[in-house]
Amino acid sequence: MLPVDPAMKDLVKGDVHIRDGQIIAVSERIEASGAEVIDASEMIVLPGFVDTHWHMWDGLWRGLVNDATDYFNRHDLLPYYSVEDHHTAVQYAALEAINAGYTTCHNWAHGLRNYDDVQAELSALEETGIRAKLSYNGVIQNVPTPAADLKRALDWIAAHGKGRLGLGMTLDNAGEYFKPQVELARKLKLRPITDHGGFMAYPDVIGPEFILTHGAGIAPEAVAMIAGKKLGVALCPSTDPMIGAGLPPVYALIEGGVPLDNISMSIDVTCQSPADPFAGMRTLVNSSRIQQVEASKLTGDLLGIAHKGLKWVFSYRDAIRVGTLSGAHVLGLSDQIGSLTPGKRADVILVRTDQLNMLPAANTNPAFQVVQHATPTDVDTVIIDGIIRKRQGKLVGVDVHAVVEKAARAQEAIRKRAHMPVLDTTL
């Protein structure tokens, strides 16, 4: 068991007692009369993974975009979405997340056009059972989103969100409305507040509730500002390398004084890469090592690296923390989730160790196994807010085939309405 709470120790064998959606106790042995027992033999128990930046609405573009140019050009499909397409896309994305071991996501909903889209996406998040923040566009088509619409979304969340949903604000291309919309977001206690880096031009406005995304190739002065302003960072370990933007700057952030609590991991876009927390953590570890070796001027010198005995600044346990507790901190949720701490909400996953890619041998390193060897297919059980959403490797109460077919039909309908030409599939 990996609790990911710095004050708690790992347990080779142990119990987690969950009641009414809350973690009641964690110990080597717990007696709980009348409780349902889940046998986690040959599994690693740990908190669910937390995504901090995900454009869930455009996951329907799977198979259509293979690089940055394709991705940004495909935004021309937005006018051809129906409101139901927004619901379908977010449902499809959220269920993929749960299946992979994510229990929390940040729906960076920059495709919203009006409140109907907002409610459709919120409904999809609530129905799937995932914990989520939805960040509402602070400015839509050069018009600032009025407080009434934001309050309407907050009222919907209060009435239907079952304590699992929250609201944030995105401010890409906000221009003259940036500062007043930040003030509005703070007045309404929205978190996170974010855009794709433009807010760094407003050092007098930004603060700990802001998230900087991506970061590949980040300048030292930007790292210093992140550290000084206590900003969160949502790294993109799957998409940034894939489009050639660069590796996530793990080493630069750590060496620049950004605490681990403020470094998180994000899915970004699932039209280009799957929701896979294990691949993301591997990339973070490997990127940090590459960058540390470069800083030590040992690139390509395998024996030199070995003889130098570098003490890595970012470990496998650090990667798990970034994927769980740190992500919760960046979203302002670390008092509720991110670790197996008694009193927190019960967002828990069980990862099998008896598959061909894993090994349930005694005295092996569980953190190394989770990061370096596990895949989403090893996620046996997912519990969110005390409710079992995946069990024995299958989503509970979900017709996966129907969900996938519905998403495929939505893509086809959108392309037809947009008169999109036939793709060149030879690439």
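Residues are numbered from 1 along each chain as its sequence is written, and side-chain values use heavy atoms, with hydrogens and water left out. Because the model is predicted, local features need pLDDT of at least 70 and side-chain atom pairs count only at pLDDT 80 or more, while totals for chains, interfaces and linings use all residues.

Let's start with the parallel sheet. Helices (H or I, at least four residues) and strands (E, at least two) are DSSP runs, numbered from the N terminus, and two strands pair if DSSP finds at least two bridges between them. Eight strands make up an open sheet with parallel pairing, in the order E4-E5-E6-E9-E10-E11-E12-E13. Strands E4 (49-50) and E13 (263-265) sit at the edges with a single partner strand each, so one side of each has no neighbour in the sheet. Within this sheet, E5 and E6 run parallel and are joined by five bridges; one of the pairs is Thr 104 with its bridge partner Arg 131 in E6. On to the next pairing: strand E6 (residues 131-137) and strand E9 (residues 165-170) are parallel too, over six bridges, and Tyr 136 has Met 169 in E9 as its bridge partner. As for cover, seven of the seven residues of E6 are buried (under 20% relative accessible area; exposed is over 50%, partly exposed in between, with a 1.4 Å probe and protein chains only).

Contact here means heavy atoms within 4.5 Å; axes are lines fitted to C-alpha atoms, for helices over the stretch in contact, and angles run from 0 to 180 degrees between N-to-C directions. Helix H4 (residues 147-160) lies across E6 and E9, at about 160° to E9. Helix H9 (residues 277-295) touches E4, strand E5 (102-108), strand E12 (232-235) and E13, and its direction makes about 140° with that of E13.

There is also an antiparallel sheet. It is open and has five strands, ordered E3-E14-E15-E16-E17, and its edge strands, E3 and E17 (394-395), each pair on one side only. Five bridges link E3 to E14 in the antiparallel sense, with Val 45 opposite Leu 350 in E14. Helix H2 (residues 83-100) lies across E15 (379-384), E16 (387-391) and E17, running at about 120° to E15.

Asp 117 is buried, with a relative accessible area of 0%. Its side chain makes a polar contact of 2.8 Å with that of Arg 113 (a pair of N or O atoms within 3.5 Å; within protein, one must be able to donate a hydrogen and the other to accept it, and residues adjacent in sequence count only if both atoms are side-chain atoms). Not counting residues up to four places away in sequence, Asp 117 touches Val 83, His 86, Gly 111 and Leu 112.

On a 1 Å grid over the protein atoms alone, a cavity is a set of points where a 1.4 Å probe fits but cannot get out, and a pocket is an open set with protein on both sides within 12 Å along at least five of seven lines; lining residues have an atom within 4 Å of a point. Grid points are joined across faces, edges and corners, and a volume is the space filled by probe spheres set on the points. The largest pocket has a volume of about 1400 Å³ and is lined by 41 residues, with Met 1, Gly 14, Ala 40, Ser 41 and Val 45 nearest its centre. Strand E1 gives the most to this lining, with four residues.
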